[in-house]
Amino acid sequence: MKFFEEKDALYVKNHIEKDVEKNQWSWKWPSLKVALNVKSGEKEFTVGEFVKKGEFGGKAWCTLCNCSINHENRGSIALIDHIKTVKHVKKVSTITETRSIQSMMGMGSSTSPASEVNAPVASTSTSESIREAVNQPVHIFDRVSNAEVNL
Ligand SMILES: [Zn+2]
């Protein structure tokens, strides 16, 4: 799965979303705020922390749950509804807890996956490195859930 950034807006509009009639992906959506009740209390997140625009028209991708979210019918409401599902919030709790443990241990938070990808969309030569970068958070999350089991 490839993810697109706002700099790819034109490509997304002209290629990915060109057949989407109702709610095409909007680059305002990633900055929408959602408050979630995680273990340590209510915290504010942005849609863009979890949800990326993927390579399918009318669909976004939750990088936390590794599932697609259909935004064609209900737009940003569909994204926010997904972020508020029990399944998603549970995963957020796991990560938030791990992050605070990491910062207590002085490990900092150096998890900035997709934002560092220089994705020339049309080229195939770099698709491998894009995939690698994209897969990265999955491994981190796997480790998180493993760690939780071991605890
Ligand atoms: Zn999710």
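**Close-ups of a predicted model**

**View 1. Strands S4 and S5, side by side.** S4 and S5 run antiparallel and are joined by 4 bridges. Look for cysteine 62, which sits opposite cysteine 67 in S5. Keep in mind that this is a predicted model.

**View 2. The largest nonpolar core.** This core has 20 residues, and the ones touching the most other members are Val47, Phe50, Val51, Ala60, Cys62, Ile69 and Leu79. Who supplies two or more residues here? That would be helix H1 (9-16), helix H2 (47-50), strand S4 (59-62), helix H3 (76-83) and helix H4 (86-104). Nonpolar side chains tend to be buried together in soluble globular proteins.

**View 3. Isoleucine 69 and its contacts.** Skip the neighbours within four places in sequence, and isoleucine 69 is in contact with Val51, Lys59, Ala60, Cys62, Ala78, Leu79 and His82.

**View 4. Stepping back to the whole chain.** The protein has 5 helices and 5 strands, and from the N terminus on its elements go α-β-β-α-β-β-β-α-α-α. Out of 151 residues, 23% count as buried. Among contacts with a separation of 6 or more, 52% come from residues 24 or more positions apart.

How values were computed. Residues numbered from 1 in each chain as written. Predicted model: local features only at pLDDT ≥ 70, side-chain atom pairs only at ≥ 80, totals over all residues. Buried ≥ 20, exposed ≤ 12 C-beta atoms within 10 Å, placed from the backbone. Contact = placed C-beta atoms within 7 Å. Core = buried A, V, L, I, M, F, W, Y, C linked by C-beta atoms within 7 Å. Pairing = 2+ DSSP bridges.
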